[in-house]
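The sequence and the structure come first.

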Amino acid sequence: MDLQYSEADREFRASARAWLKANVPQHSRPAEGFAAARFDRDWQRKLHDHGWAGVAWPKEYGGLGLSGLRQVIWYEELARAHAPHHINTTYVAMMHAGPTVIARGTGAQKAFHLPRILSGEALWCQGFSEPNAGSDLAAVRTRGVVDGDHIIVTGAKMWTTDAQYADYQELLIRTDPTSERHKGLTWVICDMKSPGIDIKPVRTMLQDEHVSAVFYDEVRVPIANVVGEIGQGWSTALATLNFERGLGFIGDQLELYERVNRAIDLASKTRLEDGRLAIEDDGIAQRLAAIKADCIAIRAMTLADIAETDRTGIPGPKGSMMKLMVTGTHKALSEVVGEILGWSFLEFDGDRTAHPWTYDYLWSWVFSISGGTNEIQREITADRVLGLPRSR
Ligand SMILES: Cc1cc2nc3c(=O)[nH]c(=O)nc-3n(C[C@H](O)[C@H](O)[C@H](O)COP(=O)(O)OP(=O)(O)OC[C@H]3O[C@@H](n4cnc5c(N)ncnc54)[C@H](O)[C@@H]3O)c2cc1C
């Protein structure tokens, strides 16, 4: 990968910057609910209408087909412009459901779903985790019984983000009742408006209801909605998880750097109980410097990861290492901010605009669980990146 910016790269950055300056919404995103989903759809449609949607998607599927370096430039400019965060209700569709359909879907699935995702018309959610199948995803028990040209789904999923707003779901079910573990699973596209689906939102420490328990009572899913093959769902799910853990969080990785700069700014303006500015405290200053250095390392690793993905076409297990680095650094930054502001900043009424650092602190914990916990990312890193003996 050539890390020098060419003239064309610089022009790309300038045109992205100019477009974002003119088009980033002036009003902030509603905190949650259908108003937030509407805001996300509108922003996605605007990106689409102006030719900026799907920076990583191949051109033949309506994306921009940008090189890894150009994607980094785009996400850096998004962060710089304080554009709507890409981890929103369009995230699953854009960052892993769409890419999975591109990699494994049929022609009909691609033709129907990809344009709807890109334009913000269709939102998706992910139905992988269950009450007893989180880290151990191969323990999925939600049942699918083949009945003519349909699969009848019965069971329960847990922690489904944005289920109540989604039009479709990437749903992992067990279609072979005699199978165990990774065998006999199937990845299907589930229409969230299907009869038999019951969504029960769950209130979290973020003081919102963005995750839900989802119950399926004999929900009919057409066999035409199987992505990959019946019984081969584990392989399709791994592709999804690689997209999610690989480049799915690229924007967050790069935005972390902006956040460190904001924290340094905060430390330069906030006084500690003893009257000194926080930045005058050696411990705080040194930790902020170390975190900033880690962010620079993360950017370098992101570029290396992107170069590898450019070569292979599918993100590899190094995404797990990246997720560990990012969540660890995010948590470390949140801890320092806690010391700068005083720990009473953790009293949270749910207003994330008024208390962005509190929300960020709580989010740093969520991020180390969702998409696979840090313990599991360590296991994948040990096993598949470092080649160490398996622990189980
Ligand atoms: C805010 C949020 C949003 C989410 N959104 C979605 C979503 O949209 N769709 C979806 O499908 N899932 C979603 N998840 C679920 C998420 O993927 C799971 O919570 C996660 O995989 C952990 O599973 P679990 O909660 O069942 O915990 P468990 O798997 O029960 O883990 C409990 C603890 O044990 C540890 N542990 C488990 N196994 C091992 C091991 N082998 N070695 C070492 N430690 C281990 C874990 O690291 C963890 O600390 C979301 C979760 C959260 C918190």
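In this predicted model, helix α3, residues 68-80, packs with helix α8, residues 282-312, at an angle of about 140°. Their axes are 9 Å apart. Angles over 145 degrees would count as roughly antiparallel, and α3 and α8 are therefore oblique to each other. The crossing of α3 and α8 is right-handed. Both the angle and the axis distance are given here because two packed helices are described by these values.

The ligand is the second topic. Which residues are closest to the ligand? They are S135, W159, T161, T373 and E375, out of 20 residues that surround the ligand. By type, the residues of this shell divide into 11 polar, 6 nonpolar and 3 charged.

| Residue | Protein atom | Ligand atom | Distance |
|---|---|---|---|
| Q126 | polar backbone atom | nitrogen | 2.8 Å |
| S129 | N or O atom in the side chain | nitrogen | 2.7 Å |
| S135 | polar side-chain atom | oxygen | 2.6 Å |

On its own, the ligand has 970 Å² of accessible area, and the protein covers 68% of that area. Two or more residues of the shell around the ligand come from strand β3 (150-161), and two or more come from helix α11 (374-385).

Definitions and conventions: Residues numbered from 1 in each chain as written. Predicted model: local features only at pLDDT ≥ 70, side-chain atom pairs only at ≥ 80, totals over all residues. Heavy atoms only, no water. Near = heavy atom within 4 Å. Polar contact = N/O pair within 3.5 Å; in protein donor to acceptor, adjacent residues only side chain to side chain. Areas by Shrake-Rupley, 256 points an atom, 1.4 Å probe, with all protein chains shown as cover. Helix = DSSP H or I, 4+ residues; strand = E, 2+ residues; numbered from the N terminus. Nonpolar A, V, L, I, M, F, W, Y, C, P; charged D, E, K, R; others polar. Axes fitted to C-alpha atoms, helices over the stretch in contact; angles between N-to-C directions. Parallel < 35°, antiparallel > 145°, perpendicular 65-115°, else oblique. Left-handed = near helix turned anticlockwise from the far one by under 90°.
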